[in-house]
Amino acid sequence: MLYRAVPAGLTDVFVVLGAEAFAFAFAIPAAELSTICMYLMALVGFLMLFRVSRPFKLNRGLLYGGLVTVFVFSVALLGDLLQLAELSLGGWLVFLVFALLAVPVIGYFTKALDWAAGRCRNAQKRLKNMRLRYVHNKGSKKP
């Protein structure tokens with residue numbers, strides 16, 4: 001079941017590297033880049049948690065809403081302790097672009113991984129059937 005976490009990890013790598021490229025191109029300070037990356041990674045984590053938590057029932061909805069609320073209050077109240085920088089307009093735009101990209105990207109990575117897992121399961125079944133036929137045919141031959 002570890003493969004279920006891979007799409008979120010790949011999406012994190014994609015959005016962080018993209019944000020770094022934009023920060024380099026638009027001369028966004030390192031402190032802002034760090035804050036942007038933290039926001040993006042949290043967003044991807046919440047997206048994956050949303051996918052895993054479906055279907056939402058009361059307890060899952062309350063837990064998810066509570067986690068988002070605690071995150072927002074932590075950022076608002078503990079921003080100095082967490083060394084979060086205030087984002088400029090350019091920083092917010094970079095965050096917005098990659099936040100909007102994260103939603104389809106995590107979906108594409110999930111579909112690609114599900115497709116690959118299906119192919120591996122089919123290959124395993126074919127190998128198992130081939131082995132069973134070989135053992136069966138080997139045992140039925142008479143000298």
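Modeller: Read along the sequence, this protein chain runs α-α-α-α. The model is a predicted one, and the chain has 4 helices and 0 strands.

Biologist: Thanks! How many residues does the protein chain have, and what percentage of them count as buried?

Modeller: There are 143 residues in the protein chain, and 27% of them count as buried. The chain exposes about 10,400 Å², with carbon and sulfur atoms supplying 70% of that area.

Biologist: And what share of the contacts with a separation of 6 or more comes from residues 24 or more positions apart?

Modeller: Such residues account for 79% of those contacts in the protein chain.

Biologist: Let's zoom in on a helix. What span does helix 2 reach from its first C-alpha to its last?

Modeller: Helix 2 has 24 residues and reaches 34 Å, close to the 34 Å expected at 1.5 Å a residue. Several of its residues are buried, among them Leu33, Ile36, Tyr39, Leu40, Val44 and Phe46.

Biologist: Now the aromatic rings. How do I read a ring pair?

Modeller: A pair of aromatic rings is described by two things: how far apart the centres are and what angle the planes make. In this model the count comes to 10 aromatic pairs. Take Phe46 and Phe71: their ring centres are 5.5 Å apart and their planes stand at 70°, so the pair is edge-to-face. The cut-off behind that step is an angle over 60 degrees.

Biologist: Is Phe46 buried or exposed?

Modeller: Phe46 has a relative accessible area of 18%, and buried means under 20%, so Phe46 is buried.

Biologist: What kind of aromatic pair do Phe56 and Tyr64 form?

Modeller: Phe56 and Tyr64 form an edge-to-face pair, 5.7 Å centre to centre with 70° between the planes. You can read their accessibility in the same way: Tyr64 is buried, at 18% relative accessible area, whereas Phe56 counts as partly exposed at 32%.

Biologist: Which residues do ring pairs link into a cluster?

Modeller: The cluster consists of Phe46, Phe50, Phe56, Tyr64 and Phe71, linked by ring pairs.

Definitions and conventions
Residues numbered from 1 in each chain as written. Predicted model: local features only at pLDDT ≥ 70, side-chain atom pairs only at ≥ 80, totals over all residues. Heavy atoms only, no water. Phe/Tyr/Trp six-rings, centres within 6.5 Å; stacked < 30°, edge-to-face > 60°. Buried < 20%, exposed > 50% of the residue type's maximum accessible area, 1.4 Å probe, protein only. Helix = DSSP H or I, 4+ residues; strand = E, 2+ residues; numbered from the N terminus. Expected span 1.5 Å × (residues − 1). Contact = heavy atoms within 4.5 Å. Areas by Shrake-Rupley, 256 points an atom, 1.4 Å probe, with all protein chains shown as cover.
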